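Thank you all for making the time. Please have a look at the sequence and the structure first, and then I will walk you through what I found in them.

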Amino acid sequence: MEQARARDAAARPHASARVPAQGGPRVPEEVRGEHTHSEPPAPAPRLVRRHSVREQILQALRTALVDGDLVPGEVYSAPVLGERFGVSATPVREAMQQLATEGAVEVVPNRGFRVLARTPRELAELAEVRALIEVPVMLRLARTVPAERWTALRPLAEATAVAAATGDRAGYAESDRAFHHAVLALAGNQQLLAVADDLHRRSQWPLTAAPVTRRADLVADAAEHTALLEALIAQDLTVVQSLVREHFTGSDI
């Protein structure tokens, strides 16, 4: 009898082979078309790295524009800029195309990209449009947002003051945009944020004032952020409206 049981056990498949882990009949990997654990990952990371390079170059070009390293009226080719940043021309060209949509440069066929200069009239128009959008939004927020939400934005206002004190124009441009973005974000309107961010960037290209004068302007501009927060906390609508309008018309940041 024991010998018969042994013969039956040998004839039956092993449990792990008879019952696949996920149920159903076992299908060979090559039939299912799935990757095994030993296979290398798909080549997607190459695209991620390229996108990352493009973003890094875009940020570097924005900094160069604000600092005045890219001169208004001058034409720059993607290959030459690529050599400057140690990358190929492709991510530079993609970044410059983005800057063209933001109004910082224009395409010059067969040559590259020309840096555009903002005229006083253009800057005034941008300031007017920003005021038309942001003043009523901030007045509405001043009536509804609790004081602790405004207090939480103090570090952003302080960041603009630090950048201004050191004369870091590119750093100030970024911190200034971060502050305004955080304020408007309290409205919960993503379309508003997209439009406001675009207008903000357009008003920054380029900054060509003398560094000494610019530092003084930045310090005064940064002080308005702190004053604006105080007025918003106090729900002083008259002061909020006055500060926001002056903030836009008194500076080209």
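Predicted model: local features only at pLDDT ≥ 70, side-chain atom pairs only at ≥ 80, totals over all residues.

**A walk through the fold**

Let me begin with contacts, where contact means heavy atoms within 4.5 Å: among those in the protein between residues at least 6 apart in sequence, 72% join residues at least 24 apart. Residues are numbered from 1 along each chain as its sequence is written, and side-chain values use heavy atoms, with hydrogens and water left out.

The secondary structure comes to 13 helices and three strands, and by that I mean DSSP runs numbered from the N terminus, helices being H or I over at least four residues and strands being E over at least two. Of the 253 residues, 35% count as buried, where buried means under 20% relative accessible area, exposed means over 50%, and partly exposed lies in between, with a 1.4 Å probe and protein chains only. The protein exposes about 14,700 Å², of which carbon and sulfur atoms supply 56%; these accessible areas come from the Shrake-Rupley method with a 1.4 Å probe, and for residues only the protein chains shown count as cover.

Let me turn to the strands. In what order do the three strands lie in the open sheet? The order is β1-β3-β2, and the pairing is antiparallel. Because β1 (75–76) and β2 (105–108) stand at the edges, each with a single partner strand, one side of each is left without a neighbour in the sheet. Two strands are said to pair if DSSP finds at least two bridges between them; β1 and β3 have two bridges, and β2 and β3 are joined by four. β2 and β3 also form a hairpin with three residues between them, and N110, in the turn, has a positive phi of about 65°.

With 4% relative accessibility, F113 counts as buried. Not counting residues up to four places away in sequence, F113 touches E74, V75, Y76, R93, M96, Q97, V105, E106, V107 and V108. Its C-alpha atom is separated by 8.7 Å from that of Q97, 16 residues away along the chain. Helix α6 (residues 89–101) lies across β2 and β3, running at about 120° to β2, where axes are lines fitted to C-alpha atoms, for helices over the stretch in contact, and angles run from 0 to 180 degrees between N-to-C directions.

Next, the interior. By a nonpolar core I mean a set of buried Ala, Val, Leu, Ile, Met, Phe, Trp, Tyr and Cys residues joined through side-chain atoms within 4.5 Å. The largest such core has 27 residues, of which W150, L228, L229, L232, V240 and V244 touch the most other members. The elements that give two or more residues to this core are α7 (120–144), α10, α11 (190–202), α12 (211–234) and α13 (237–249), and its largest share, eight residues, comes from α7. Apart from this core lies another, of 22 residues, among them I57, A95, M96 and F113.

Finally, helix α10, which spans residues 169–185 and includes S175. S175 counts as buried, since its relative accessibility is 11%, and a polar atom of its side chain lies 3.1 Å from the backbone oxygen of Y172. What joins the side chains of H180 and H247? The link is a polar contact of 3.0 Å, a polar contact being a pair of N or O atoms within 3.5 Å, where within protein one must be able to donate a hydrogen and the other to accept it, and residues adjacent in sequence count only if both atoms are side-chain atoms. R169, also in α10, is buried at 14% relative accessibility, and its side chain reaches the backbone oxygen of D67 at 2.7 Å.
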